[in-house]
Each structure stands twice: as structure tokens, then as C-alpha cells.
Amino acid sequence: MKRRDFIRHSAVAAAGLTVFPRPELLHGVLSPVAHGPVVQDAARRELASRALEAARSAGADWADIRINTNRNQGISTRERRITGVSDNVTSGFGVRVLVDGTWGFAASGNVTNDEVVRVARQAVTQARANRAAQREPVRLAPADVEPNGVWRSPIRTDPFEIPIEDKVEYLFAANEAALTVSGSRFVNSSMFFLREDKFYGNSEGTFTDQTIYRAYPRMTVTAVSSDGADFQSRASTDIAPRALGWEHVTDSDMLGLAPMFAEEAVEKLSARSVDPGEYDLVLLPTHLWLTLHEAIAHPTELDRIMGFEANYAGTSFIYPLEDYLGTFRYGPEFMNVVGERSSPGALSTVGWDDEGVAPRDYHIIRDGVLNDLQTTREQALWLEDWYRSQGREARSHGNSYAQSWADVQFQRMPNINLEPYPDRDVSLEELIGDIDRGIIIDGDGSFSIDQQRYNAQFGGQTFREIRNGRVEGMLKDVAYQIQTPQFWNAMDLCGGPSTYFMGGAFGDGKGQPAQSNAISHGCPATRHRNITVINTARSV
Amino acid sequence: MAFLSESEARELTRRVLALSQADHCRVNISSDMEGNTRFAQNQMSTSGDIQNTTLTVNSAFGLQVASSTTNRFDDASLEQVVRTSEALARLAPEDREYMGELGAQAYPDSRSYYESTANLEPDVRARAIAEVTEQSVAEDLISTGFLTHRSGASCVATSAGLFAYTTDSRANFTTTIRTPDGTGSGWAGTSVNDWNDLRTGELGSIAVQKAIQSREPRDVEPGRWTVVMEPTAVGNMVNLMMNSLSARAADEGRSFFSSPGGGNKIGEQFVDSRVTIHSDPEDRRIHSTPFNNEGLPNRRTVWVQDGVLQELNYDRYWAEQNGREPTGFPSGWYMAGGSDTLEEMIASTERGLLLTRFWYIRGVDPRTILFTGLTRDGTFLIENGRISHPVKNLRWNETPIFMLNNIEMMGAPVRISSGESAGLTPTVIVPPLKVRDFAFTSTSDAI
């Protein structure tokens with residue numbers, strides 16, 4: 001059902017609510033058609049073997065190489081004007097080595113027989129330079145060898161085969177649909193597509209060839225008050241980026257939703273400024289995915305917990321591990337959070353990670369209790385004691401990723417999802433019906449969280465007041481402030497599968513040099529009791 | 001390997017322009033050598049040395065414009081990148097605001113390239129980091145940090161006869177040192193163009209002292225506080241205003257710099273009369289680039305003079321529409337200061353907070369340039385003119401506009417590491433400030 005149809009027919013609409021996610025992307029709903037290679041690229045395999053041999057000859061105990069070609073296309077518009085059309089390709093490779101338990105990494109955009117040898121040797125030289133200060137050598141957890149792996153994103157239509165005119169026409173039509181709404185004044189819209197061909201090889205004999213697609217249509221509508229004293233925007237955060245093809249543009253129906261985005265931007269101008277205080281919150285998954293990302297996905301990164309990101313992304317409140325793993329109550333009994341790289345169309349979904357490991361689905365939170373953490377091969381061994389106590393082997397979850405050939409791979413979050421309510425399909429009406437004084441929040445907005453992931457503040461796209469179980473008028477200037485453990489334990493109910501939606505982002509930053517990860521987060525709508533809401537308006 | 005020389009860049013642009021069949025063509029080249037080393041738990045963690053050159057072709061037929069980028073330079077790849085940009089341009093709708101390509105320009109004398117940085121090897125990075133890790137180990141602390149550098153060339157050439165080439169080198173070093181019990185954390189960092197100007201050992205010493213002094217912080221209540229802001233925290237805030245200087249957004253009524261009755265605030269006093277901010281490629285302290293992506297010269301620009309808005313950021317189209325000179329983008333900026341020292345600011349404060357730096361700064365309301373973020377890695381209570389003890393970090397919701405209206409004291413400007421991720425950003429030089437009524441909205445247990 002299209003979102004607008006749903007809204008028209010829903011009992012929620014009668015309550016004044018014009019927001020609801022589309023139930024989608026639970027496992028197995030897509031029917032993929034293959035694009036990309038079905039056999040490995042022989043030339044790349046030859047280059048990879050050459051580099052690995054050069055690294056070993058130079059003294060590396062272990063080595064791997066990624067050879068990538070990344071093509072992206074971007075089209076941007078504002079109102080009735082094109083503001084950018086670009087089509088970009090970058091190719092290159094990165095060689096990573098271990099010398100006496102110390103890492104080295106070098107990369108080049110010049111993909112030739114001679115250059116892979118030079119760069120492999122350079123990586124070994126660098127590892128030797130770093131070895132002088134070594135205190136604890138790096139060890140790698142065992143991994144299965146995959147000698148001939150091939151994997152492709154499950155897309156239906158290659159976005160690079162769609163003519164540019166069709167893409168521009170779609171954006172202009174969406175802009176026009178937004179501008180027909182009285183009071184909407186500016187529209188920015190864009191589409192972004194990516195195809196990444198990623199060849200991986202390591203000195204243990206794993207060789208994989210993967211083709212990954214991503215698609216992201218988006219728009220922002222801005223309304224300006226007639227006296228020029230106020231302006232308000234509504235971004236299309238209901239449309240998430242996905243690891244899909246052109247079909248994601250048509251299926252997500254930005255064209256159909258554009259008038260609603262415009263109407264809500266205009267409505268914000270006359271919305272009531274929120275009274276600060278404590279409210280019960282109903283968070284739609286179009287909003288909640290980002291709170292989940294910041295307050296669950298980031299603090300359960302093992303490298304962060306162990307201090308490796310302390311200079312930028314920070315550490316985690318989850319420390320020391322023995323006080324948390326298996327005992328820390330993150331939230332209520334019905335709270336289950338899963339890390340996975342297998343959901344079709346989700347941004348982190350792959351066949352193998354960037355160190356050749358086939359990812360596994362795993363429970364980060366099971367029945368409300370912290371159960372596991374995100375790992376690479378290096379990091380899985382740091383949890384040996386915990387896994388042994390659980391009767392499990394220490395193996396990587398397959399959470400290694402690098403944003404490009406030029407960047408070294410490290411631990412990055414997979415898709416991390418809050419599962420729907422386990423026992424029945426709890427509806428949005430049920431979540432709302434029990435609230436005397438609350439706010440329902442749609443779409444992600446402003447976000448900020450401290451470096452140990454305790455204190456966070458989130459805005460949104462639209463805010464509507466809930467009074468006595470009914471959704472009433474729009475509010476503005478809303479942000480809520482949380483302390484992570486209290487916030488999840490204040491969740492007294494979450495929605496069922498019919499409220500589930502997968503949000504996500506391209507630009508999740510971590511590491512130095514900062515790298516962007518692309519991840520999806522699926523979740524149902526949730527209800528949280530007595531959350532602090534502040535008013536963000538300031539008069540100049 | 002090295003980045004492209006001027007003659008190599010000229011030859012490459014000549015090959016591309018010769019292939020062009022468009023009415024107008026522009027070629028941009030970026031050619032870089034980058035190196036970095038990270039450290040954690042008092043030893044190196046990961047590092048990288050990267051070599052890359054990218055070339056972007058911008059093609060226009062009349063007002064139809066598109067671009068394509070590659071990093072391969074064999075004849076077939078160059079032909080392909082030119083044809084791709086041309087094919088896209090032919091299919092694109094007309095861009096009525098396309099201004100064509102610039103002819104030859106005169107550029108300011110900007111010098112920001114240093115061989116000392118260009119020749120940096122991994123073993124030199126390792127030794128510079130050891131100056132920090134050794135201090136940390138000696139004090140039984142845990143050091144982490146990041147050293148990064150890039151040297152390279154930027155080049156612009158057009159079918160209208162413009163050719164511009166410049167070189168630049170930059171390095172950035174930051175370190176966060178924590179106590180093993182997790183109750184203390186200290187930070188220090190800066191950026192340079194000339195590697196010889198970087199003193200990692202001195203920065204390490206500052207971070208060590210802050211880590212030790214910040215142990216076991218106590219709660220303070222959120223609310224309006226007088227704050228003594230170290231330069232990094234000041235730069236974090238003023239950057240937010242400098243990124244909001246679009247003339248067009250102001251004229252369209254969707255910016256703090258919009259005037260309520262239409263137009264913008266140029267000519268109005270909007271902050272304290274001691275605030276003056278400028279950009280200047282020929283100012284040797286700022287080390288900014290001499291031209292922008294279109295090959296337009298980056299000229300000296302005074303953005304704020306004595307608290308009065310002097311200039312907004314005009315691109316070529318919006319400048320022509322409004323009868324003004326285009327500004328390019330401020331590639332580095334300098335905020336003038338005063339003669340007060342940090343010690344004098346603390347000594348003059350009856351009750352206030354000393355702030356080292358900010359974290360996770362995100363926009364909340366563009367109407368007032370209101371942002372939120374948190375203090376981090378060295379937050380202290382000042383009582384009766386002295387630092388009395390460390391305090392827990394606080395979340396703020398504040399705008400640089402209010403902050404620059406509430407200045408009490410100003411110190412001497414210094415160069416900072418201005419990006420949250422400690423990457424290689426344009427130069428920011430700012431003074432420490434003492435400011436009243438800075439708005440904190442909650443506290444955090446994060447160390």
C-alpha cells in the first residue's frame with residue numbers, strides 16, 4: 001500500500017495524524033535480479049596475487065588487498081533549475097600488512113603491475129616504522145577461507161542504465177508537486193547512485209569479488225512566513241537510502257509524498273512552540289532509527305569500548321566489559337537488537353566484509369540484556385573469555401569496512417535493528433491510546449550525543465501533540481534530551497511488524513582520517529515514558 | 001611517487017581541453033600525497049600512506065552543464081571522462097544561472113607549501129608520536145591520537161584560457177590522554193603548514209596535565225554560565241557562523257543574516273564591537289589557497305569589522321544579480337583578539353567554567369544559528385579567580401551570535417585544529433575568550 005493510501009484509510013488519519021511508516025524490508029520481501037559479474041575478475045585476481053606475494057617477500061607475515069572501482073552519479077536541483085549533474089569514477093587499491101604483529105597500510109590510485117608491488121613494499125616499510133613502539137602484537141581470529149566468492153546487491157534495475165533525462169524529469173516533477181502547495185517557497189532535491197566493484201584477496205587464500213549498489217532520492221521543502229520573520233523546512237527523511245537500484249526511486253514515491261512534505265513545512269510556520277517539560281514520546285521508526293544508531297549501535301563498537309577511538313569518536317559507557325556483558329539491562333524484556341549484514345536492500349548488507357569474513361547475524365541485546373559486541377578478526381579475540389563462558393568460539397562477526405580503496409579497513413557497524421514486539425502486532429493506535437500528555441515524532445532531525453554515549457539530544461521533522469490518547473496539533477521547537485540507559489528502560493511498549501521500517505544513512509562518521517559508513521537500521525515505533533523535552537527557539 | 005608538477009598538470013589539462021567538443025570546458029585537478037598514523041593504548045594502531053590524483057571535467061553546451069571525474073589518465077580514460085561529461089551536459093536542462101568559464105586571472109601571492117611536510121616519512125611520524133606516548137607511559141596514563149599530513153597540488157584550466165596551479169601542505173596533530181580509571185581525560189592539538197612548526201611533545205605535555213587535573217569530576221548545575229573558552233572551543237563556535245555566510249540564503253529569507261523586511265544584514269552591527277574577522281591569501285599566518293574551484297581569485301575579505309557585517313559569501317551568479325563582487329569561499333580565516341591572557345580571564349572570574357573543546361556539534365535552529373554540543377576533555381570550575389576542581393561535561397544549546405555579543409575579555413589569537421575529526425581543514429586562527437551567559441541545558445557522565 002502506498003503511504004498516502006494508507007494515511008487516507010487509516011483510523012490514525014481520523015485522529016489527525018498524517019504520518020506513518022511503510023511496513024517493509026522485513027527479511028525476504030525483495031525479488032532480486034542479478035547485475036554484475038557472475039565469475040571473478042581474472043585481471044584483478046592476478047594483481048591481487050602479485051601484491052600479496054610482494055608483501056610476503058618484503059617480510060609481511062600476513063597481507064590483504066582491496067581493489068575497488070567506485071562509480072557514482074549525482075543529480076541535484078532547486079525549484080525549476082538544475083544545480084548539478086555529475087558522474088564520477090575512482091579506481092585504486094589498498095594493501096594492508098602485518099609485520100611482527102604491527103599493521104601497515106598503503107594505497108594508490110594507479111592500478112598497475114608495478115604499482116601494486118611498490119605499494120605492498122611501502123606498507124611493509126611503514127609497519128616496520130610503527131613496530132618500534134609496539135607493546136601488544138596484533139593477532140587475528142581464525143576465519144573460513146573463501147577461494148572464489150562472488151556476491152551482488154539484489155537490485156532490479158541498474159540506475160546507471162536509466163537516462164539522465166528521466167532522473168531530472170522525476171526531480172522536477174517532485175519539485176513542482178511541492179511548489180503547488182501554497183506557502184512553500186524553496187525546494188532542493190537530488191538523487192545519488194553508487195556502484196562499487198570490490199575485489200578482495202588475502203594471504204590465507206580468500207578471494208572475493210562483490211558488486212554493491214546504493215540509491216538515495218531526497219528533497220527538502222522550505223516555507224517562509226509572509227512577513228519574512230520565520231522559515232521552516234521539512235526534509236524527506238521518510239525515504240531512506242538503500243542498497244538498491246533505480247527501483248528504490250520509484251518505489252519510495254518521493255513524487256507522491258512531495259505535497260505532504262510541503263504541507264508540513266508550511267504547517268510548521270503556524271505550529272505552537274512547545275512548552276518544555278516531561279512528555280511521553282511515541283517515536284516513529286523514521287525517527288527512531290537515528291536514536292538507535294547513536295545510543296545502541298555506536299556504544300557497542302568494541303574498538304571504541306577498548307579506547308581505540310578515544311581521540312575522536314570517543315569511548316563507551318560500556319566498560320569494563322565484565323560488568324556489562326551478559327548482565328547489563330539495556331532495556332525491557334521485549335527488547336531485542338540484532339546486528340546483521342543480510343537484509344536485502346539494507347546498506348551494510350554484503351557477502352563478505354572487508355577482511356574476507358562472511359558476516360553472521362547476532363544478538364547485541366537479547367531479552368533486554370547486553371549479549372554481544374561488534375567485532376573484526378583482530379577484535380574477536382579480545383572477547384575470548386566471554387565467548388568461552390558462552391560455549392562459543394571467538395570469531396569475527398564480519399564487521400570490517402573501509403569507505404574506499406584509499407582508506408584502511410576497521411570495525412564499522414553492520415545493520416543494527418530493533419526487533420518488533422515479539423508476541424503480537426502492536427499497532428500505532430495502541431501506542432498512542434494510553435498517553436495523556438505526549439508527543440509523536442516523525443523523521444530524523446538534529447542529533448548530538450556525548451563521546452561515551454550517555455547524554456543525547458534529538459530533534460525531528462514533525463512533532464504532534466498527544467492529548468488523552470488522541471493526536472492533536474503540530475508543535476515546533478522540540479528536542480528531547482536523554483541519558484541512554486534510562487531512555488531505553490523508559491520504553492514500555494514497542495510496535496509490531498506492521499510498524500516496522502528501515503531507516504539509514506550514508507554518512508556515519510568514525511575513525512581518523514574520518515571515514516563514512518553506510519548502514520541501515522530497522523525498527524518498529526516505540527513508546528517512552530516521561531522524557532525531558534526542551535524548547536529550542538531563541539529570540540534574537 | 002609524487003604529486004603532479006606544474007608542467008605535468010599543464011600538459012594533462014592541455015590533453016583534456018584538446019579532446020573537448022563543448023562550448024565551454026573546465027578541468028580541475030587535485031593531486032595529493034597523504035600520510036597518517038593513529039595511536040591508541042600508547043602504541044601505533046593503524047596508519048596509511050596514500051597517493052592519488054583526480055581530474056574533473058566540466059562541460060557546457062550553451063547553458064547545459066555537467067561534470068565527470070576520473071583518476072585514470074591513459075588516453076582512453078581521458079576520452080571517456082570528457083565524453084561522459086559532454087553526454088550528460090547535452091541531456092541536462094539549461095541552467096539559467098550558469099556563468100560560463102573564466103579567462104586568465106591574476107592571483108594573490110599565497111605560500112602554503114613546505115618541503116618539510118611533503119617529505120614526511122612514517123618513521124618521522126612514529127618518532128613524533130613517541131614524544132607523546134613516552135610521557136603518557138611515564139605518568140601511567142593511556143594516550144590516543146592522530147597525526148595526519150597532506151601535500152599536493154590543485155589546478156584549474158578552462159577553454160577560455162585560464163590556467164591556475166598552486167601547491168599546499170598541511171599537517172594536523174591531536175592527542176587525547178585518559179587516566180586508567182576512566183575518570184580523567186585531557187586533549188591538545190593544532191595544525192600547521194610547515195612540519196617544523198609542530199611540537200608534538202609540548203602538546204602531549206598539555207594533554208597529560210589536563211588528564212591528571214580532570215580526574216574525578218564533580219557535578220555542576222546546568223544553566224547560564226560565565227565561561228573562559230580556550231581557542232579551540234572558540235573556533236568550534238565561530239566556524240558555525242562562518243559556514244552560514246551565504247548571501248543568497250540571506251537574501252531569500254532563510255538565514256540568520258536575512259533582514260526581516262527583505263535583503264540582508266550587511267552594514268549592521270550584529271556582534272560585540274571588538275569582533276573583526278578576515279580572510280586573506282596573502283596573510284602569511286592564514287596560509288589559504290589563492291583561487292577557488294572555478295579559478296576565481298580568493299581576495300582579501302573582511303567579513304566582520306568592529307562587530308559590523310561587512311560581507312557575505314557571493315558566488316558569481318548572485319554577485320552579478322546584486323551588483324557585487326563575487327567572494328569565493330573563505331579558505332581560512334583570522335579573528336582578531338585582545339591583550340588578556342587566559343590566566344587573567346580565570347583570575348577575574350568569580351564563578352565560571354573553563355572549557356577546552358566541544359564535541360558532536362550539530363545544528364538545531366538555522367534561524368539563530370543555534371547549535372547543540374557538549375564540552376569534552378578538560379572542563380573545570382573556576383571559583384574566586386582560581387580553578388577549583390574538574391566538573392562533569394555539559395550539553396549546551398547556544399549560538400555563536402549570542403556568544404559574540406557576550407564577550408567580556410579577549411586574548412591573543414592562535415591557530416587551532418578546527419575540525420571535530422582533526423582532519424586537514426582550512427586554517428582557523430582565533431583568540432581565547434571570556435564570555436557571559438553561555439547556555440548549558442544538561443549534564444553528562446561522559447568522561
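**Figure 1. Strand 1 and strand 2 of chain A form a hairpin.** Two residues, described here as 2 residues between the strands, make up the turn, in which Glu79(A) has a positive phi of about 45°. Helices (H or I, at least four residues) and strands (E, at least two) are DSSP runs, numbered from the N terminus. Strand 1 covers residues 62-78 of chain A and pairs with strand 2 of chain A in the antiparallel sense over 17 bridges; two strands are said to pair if DSSP finds at least two bridges between them. Within this pairing, Ala63(A) has Val97(A) in strand 2 of chain A as its bridge partner. The structure is a predicted model, in which local features need pLDDT of at least 70, side-chain atom pairs count only at pLDDT 80 or more, and totals for chains, interfaces and linings use all residues. Residues are numbered from 1 along each chain as its sequence is written, while chains are lettered from A and ligands numbered from 1 in the order in which they are written.

**Figure 2. Strand 2 of chain A also pairs with strand 3 of chain A.** The two strands run in the antiparallel sense and share 7 bridges. Phe93(A) has Ser108(A) in strand 3 of chain A as its bridge partner. This pair is again a hairpin with 2 residues between the strands, and Asp100(A) in the turn has a positive phi of about 50°.

**Figure 3. Strand 2 of chain A pairs with a strand of chain B.** The partner is strand 3 of chain B (residues 64-70), and the pairing is in the parallel sense over 3 bridges. Ser86(A) has Ser67(B) as its bridge partner, and Asn88(A) stands opposite Thr69(B). Strands of a sheet pair through backbone hydrogen bonds, either parallel or antiparallel.

**Figure 4. Chain A and chain B are in contact.** The contact takes 69 residues from chain A and 82 residues from chain B; two residues are in contact if their C-beta atoms, placed from the backbone, lie within 7 Å. Elements that give two or more residues to the side of chain A that touches chain B include strand 2, strand 3, helix 4 and helix 5 (164-179) of chain A. The largest share of this side, 10 residues, comes from strand 2 of chain A. The residues of this side divide into 33 nonpolar, 29 polar and 7 charged. Here Ala, Val, Leu, Ile, Met, Phe, Trp, Tyr, Cys and Pro count as nonpolar, Asp, Glu, Lys and Arg as charged, and the others, Gly among them, as polar.

**Figure 5. Helix 4 of chain A is covered by elements of both chains.** The helix (residues 113-131) has 19 residues and reaches 28 Å from its first C-alpha to its last, close to the 27 Å expected at 1.5 Å a residue; the expected span is 1.5 Å times one less than the number of residues. Its buried residues include Val116(A), Val119(A), Arg121(A), Val124(A) and Asn130(A). A residue is buried if 20 or more other C-beta atoms lie within 10 Å of its own, exposed if 12 or fewer, and partly exposed in between, with C-beta atoms placed from the backbone. The cover of these buried residues includes helix 3 (42-58), strand 2 and strand 3 of chain A, together with strand 1 (24-40), strand 2 (43-61) and helix 4 (122-138) of chain B.

**Figure 6. Four strands, in the order 12-11-10-15, form an open sheet in chain A.** The pairing in this sheet is antiparallel. Its edge strands are strand 12 and strand 15 (415-418), each of which pairs on one side only. Strand 10 (residues 337-340) is joined to strand 11 (residues 362-366) by 3 bridges, and Gly339(A) stands opposite Tyr362(A). Strand 10 is joined to strand 15 by 4 bridges, with Val337(A) opposite Leu418(A). Strand 11 pairs with strand 12 (residues 369-370) over 2 bridges, and Ile365(A) stands opposite Leu370(A). In the hairpin of strand 11 and strand 12, Asp367(A) takes a positive phi near 50°.

**Figure 7. Six strands form an open sheet of mixed pairing in chain B.** The order of the strands is 10-9-8-11-18-17, and the edge strands are strand 10 (308-309) and strand 17 (414-415) of chain B. Strand 11 (residues 333-335) and strand 18 (residues 428-430) of chain B run parallel, joined by 2 bridges, and Tyr334(B) stands opposite Ile429(B).
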